[in-house]
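Here is a colleague's note for a first look at this structure. Please keep the model open while reading the points below.

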Amino acid sequence: MRELFDEVAGQSAVDPMESARRSSRAVQRRRFYADAGVGEAEGGFTVTLDGKPIKTPSGLTVIVPARSLAETIAAEWNAQGEFIDPLTMPVTRFANSVVQGVVENLAAVSDDVAKYFGSDLLFYRAGHPEGLVAREAAHWDPILFWAAKTLGAHFMLAEGVMHVRQPESAIAAARGALPADPWAIAALHVITALTGSALLALALFHGVIDPDQAWAAAHVDEDWNAEKWGVDEEMAARRAAKLVDFNAVAAVLKALPQAG
């Protein structure tokens, strides 16, 4: 089992899902167990294969903080057929990555998320056409208003792609709202990487928006172009693959005791 997830779960401390996408051609292994279940352990819950808890590629027992997460992971294992396909097990991959790569690297993961507060997607606005300008404002302004009013993070906006230096006070205020829990910050990291916005991830964590709103806000420009010029099939396929990871991690975030 460890060899199966060596590449898909153990390569990156600060991007829990990217290694899986890089390893999409990994050789699949035959299913070696009859049943996956859930057990209790100090600090949380385990996922068991024929009674034995699953471990990360480095041999650490995977202990998750909520029973519902353990049940979701067990369901991914039970859903496997003759061969095990890690790419159909996004929550398992995420859990492996948190336990193996994030718990001991919490500061690095937080730093990586916080970098986006200096150049977040929501800061850079279109100057035209009016419809796109209005759509960006409708999706993005409420998040910025929330950050300013609730967090005290007052960010600067720019038209186009020219970089605008954000106030250190705003970045510090937003960073102060990041969770300290390794599962939550890992989830925010994945969402940030997939959407290009740490503010969207932070707003999702605090319950300001739901996953559908976050995903739509992250793709305002892309959807506008698709409506005007048609769908790019290759881009649509990449987006669909990312959405699988996004939905999985959003579900993890919702299940965490710290979320909300």
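1. Start in a loop. Pro179 sits in the loop between α7 (168-175) and α8; helices here are DSSP runs of H or I with at least four residues, strands are runs of E with at least two, and both are numbered from the N terminus. Pro179 counts as buried, at 9% relative accessibility. Buried means under 20% relative accessible area, exposed means over 50%, and partly exposed lies in between (1.4 Å probe, protein chains only). Neighbours within four places in sequence aside, Pro179 contacts Ala184, Ile185, Leu188 and Phe205; contact means heavy atoms within 4.5 Å. Pro179 and Ser110 are 69 residues apart in sequence, yet their C-alpha atoms are 8.6 Å apart in space.

2. A word on the basis. This is a predicted model, in which local features need pLDDT of at least 70 and side-chain atom pairs count only at pLDDT 80 or more, while totals for chains, interfaces and linings use all residues. Residues are numbered from 1 along each chain as its sequence is written, and side-chain values use heavy atoms, with hydrogens and water left out.

3. Now the whole chain. The protein chain has twelve helices and eight strands. It has 260 residues, and 47% of them count as buried. Take the contacts between residues at least 6 apart in sequence: 66% of these join residues at least 24 apart. The accessible surface is about 12,400 Å², and 54% of that belongs to carbon and sulfur atoms. Areas come from the Shrake-Rupley method with a 1.4 Å probe; for residues, only the protein chains shown count as cover.

4. Next, the core. In soluble globular proteins, nonpolar side chains tend to be buried together. The largest nonpolar core here has 77 residues. Such a core is a set of buried Ala, Val, Leu, Ile, Met, Phe, Trp, Tyr and Cys residues joined through side-chain atoms within 4.5 Å. Val64, Trp77, Phe94, Phe117, Phe155, Leu199 and Leu253 have the most contacts inside this core. Helix α8 (residues 182-195) gives the most to it, with nine residues.

5. Look at Phe117. Setting aside residues up to four places away in sequence, Phe117 touches Phe123, Phe155, Gln166, Ile171, Ala174, Arg175, Leu178, Ala198, Leu199 and Leu202.

6. Which helix packs against α8 at an angle of about 35°? Helix α5 (residues 106-114) does, with the two axes 9 Å apart. Axes are lines fitted to C-alpha atoms, for helices over the stretch in contact, and angles run from 0 to 180 degrees between N-to-C directions. The crossing of α5 past α8 is left-handed. That term applies if the near helix is turned anticlockwise from the far one by less than a right angle; clockwise gives right-handed. From α5, the contact uses Leu106, Val109, Ser110, Asp112 and Val113; from α8, Pro182, Ile185, Leu188, His189 and Thr192. By class, six of these residues are nonpolar, three polar and one charged. Ala, Val, Leu, Ile, Met, Phe, Trp, Tyr, Cys and Pro count as nonpolar, Asp, Glu, Lys and Arg as charged, and the others, Gly among them, as polar.

7. Stay with α8 for Val190, which is found in that helix. Val190 is buried, with a relative accessible area of 1%. Its C-alpha atom is 9.3 Å from that of Phe94, 96 residues away along the chain.

8. Helix α4 (residues 90-102) and α12 pack at about 65°, with axes 9 Å apart. α4 passes α12 in a right-handed crossing. Pro90, Val91, Arg93 and Phe94 of α4 meet Val244, Asp245, Ala248, Val249 and Val252 of α12. The classes are seven nonpolar, no polar and two charged residues.

9. Is Val244 buried or partly exposed? Val244 is partly exposed, at 46% relative accessible area. This residue lies in helix α12 (residues 233-255).

10. Val220 lies in helix α11 (residues 220-229). Val220 is buried, at 2% relative accessible area. Beyond four places in sequence, Val220 is in contact with Leu132, Arg135, Glu136, His139 and Trp140.

11. Two backbone points to check. The peptide bond from His128 to Pro129 is cis, with omega near -10°. Pro129 is in the loop between β7 (124-125) and α6 (130-151). Asp50 has a positive phi of about 50° although it is not a glycine. Asp50 is in the loop between β3 (44-49) and β4 (52-53), and is partly exposed at 43% relative accessibility.
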